[in-house]
Amino acid sequence: MSRTARRIILLGPPGAGKGTQAERLARRLHVPHVSTGELFRQHVGGHTPLGQEAEASMRRGDLVPDAVTLGMVAERLAEPDAVEGAVFDGFPRTTAQAEALDQLLADRGQRLEVAVLLEAPREELVERLTGRRLCGACQATYHVRWSPPAVPGRCDRCGGALMARPDDEEATVVRRLEVYDTETRPLVAYYAASDRLLTVDGLGSVGDVAARLEEVLAPHD
Ligand code: AP5
């Protein structure tokens, strides 16, 4: 890349740290963080028709149907803040979604520049997810062991109550990892084939991983 990429996918299994890193990266690049999981959770929380369609799949650890997901993403990308770029987290997740995103961007004269694969061993993924806690009010993310709040059960940012995500229960985590292997892992080959794939080791502290990400995304000739 000869200039800083501004349309970036963070790809990787549940728990790899996509959300944690995407938030930081989007802030650094001044582009929105587009997390389809987060958008779905907002719809579920708001009891919208889309949320009702998505909720059962999410609780099982399955993917929400492509048509529902793609409609939601197209709407999000039509918002003014997404004109200059976006960091995608948890999207695309199927080959059909990846092809549709390429088409959607091409229709606007834009291009997905790079997909960064974040990797971590399976035991680490399971431990990260089963120990994750979210603030019900502001969605800040914690981990009971690695990034605990100052006051147990309370958000450092807003004081809201912390809770586990319903799909972070161990049996559902196992299902989500299976779904990743069958549905999403093929995207690694999809982006490698068009020379848009970079890989970053997701093990280590959040700061270490962020530094690796910054390094692979740095412009070079
Ligand atoms: P989504 O919310 O996208 O979940 P996911 O992809 O399974 O990813 P996670 O959010 O669980 O993990 P992450 O990689 O973001 O890790 P995080 O940074 O949070 O999707 C949820 C559901 O929505 C899906 O199952 C599906 O049903 C549906 N859905 C979403 N997108 C869809 C799509 N495109 N198509 C169809 N359906 C879709 O970190 C995890 C934990 O680890 C945290 O506690 C964090 O504090 C900790 N942590 C992070 N980094 C580190 C580190 N370096 N060291 C130690 N701990 C760390």
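In the predicted model, Phe91 is buried, with a relative accessible area of 1%. Phe88 is likewise buried, at a relative accessible area of 1%. The structure holds two aromatic pairs. In one of them, the ring centres of Phe88 and Phe91 are 6.1 Å apart and the ring planes meet at 50°, so this pair is tilted. The other pair, formed by Tyr190 and Tyr191, is edge-to-face, with 4.9 Å from centre to centre and 85° between the planes. Tyr191 is buried, its relative accessible area being 0%.

The peptide bond between Phe91 and Pro92 is cis, with omega at about -5°. Pro92 belongs to the loop between β3 (86-89) and α5 (95-107). Two further residues have Pro92 among their contacts. Leu101 touches Pro92 as well as Ile9, Leu77, Phe88, Phe91 and Leu112, when residues up to four places away in sequence are not counted. With the same exclusion, Thr184 touches Leu11, Pro92, Arg93 and Val179. Thr184 is part of helix α7 (residues 170-184) and counts as buried, at 4% relative accessibility. A polar atom of the Thr184 side chain lies 2.7 Å from the backbone oxygen of Arg93; Thr184 therefore meets the 3.5 Å limit for a polar contact with Arg93.

The largest nonpolar core comprises 28 residues, of which Ile9, Phe40, Phe88, Leu101 and Tyr191 touch the most other members. At least two residues of this core are supplied by each of β1 (7-11), α2, α3, α4 (66-77), β3, α5, β4 (114-119) and α8 (186-193). Helix α4 provides the largest share, four residues. A second, separate core contains 23 residues, including Ala22, Val31, Leu125 and Leu129.

Strands of a sheet pair through backbone hydrogen bonds, in either a parallel or an antiparallel sense. Strand β1 runs parallel to β3, to which four bridges join it, and Ile8 has Val87 as its bridge partner in β3. Strand β1 also pairs with β4 in the parallel sense, over four bridges. In that pairing, Ile8 stands opposite Val114 of β4.

An open sheet of three strands has the order β6-β5-β7, and its pairing is antiparallel. Strands β6 (141-143) and β7 (162-163) stand at the edges of this sheet; each has a single partner strand, so one side of each lacks a neighbour in the sheet. Strand β5 (residues 132-135) is joined to β6 by three bridges, and the two run antiparallel. Across this pairing, Arg133 stands opposite Tyr142 in β6. Helix α6 (residues 122-130) lies across β5 and β6, and runs at about 35° to β5. 

For His47, phi is near 55°. His47 is placed in the loop between α2 (36-45) and α3 (49-60) and is exposed, with a relative accessible area of 63%.

Methods. Residues are numbered from 1 along each chain as its sequence is written. This is a predicted model: local features need pLDDT of at least 70, side-chain atom pairs count only at pLDDT 80 or more; totals for chains, interfaces and linings use all residues. Side-chain values use heavy atoms; hydrogens and water are left out. Two strands pair if DSSP finds at least two bridges between them. Contact means heavy atoms within 4.5 Å. Axes are lines fitted to C-alpha atoms, for helices over the stretch in contact, and angles run from 0 to 180 degrees between N-to-C directions. Buried means under 20% relative accessible area, exposed over 50%, partly exposed in between (1.4 Å probe, protein chains only). A nonpolar core is a set of buried Ala, Val, Leu, Ile, Met, Phe, Trp, Tyr and Cys residues joined through side-chain atoms within 4.5 Å. Rings of Phe, Tyr and Trp (its six-membered ring) pair if their centres lie within 6.5 Å; planes under 30 degrees apart count as stacked, over 60 as edge-to-face and the rest as tilted. A polar contact is a pair of N or O atoms within 3.5 Å; within protein, one must be able to donate a hydrogen and the other to accept it, and residues adjacent in sequence count only if both atoms are side-chain atoms.
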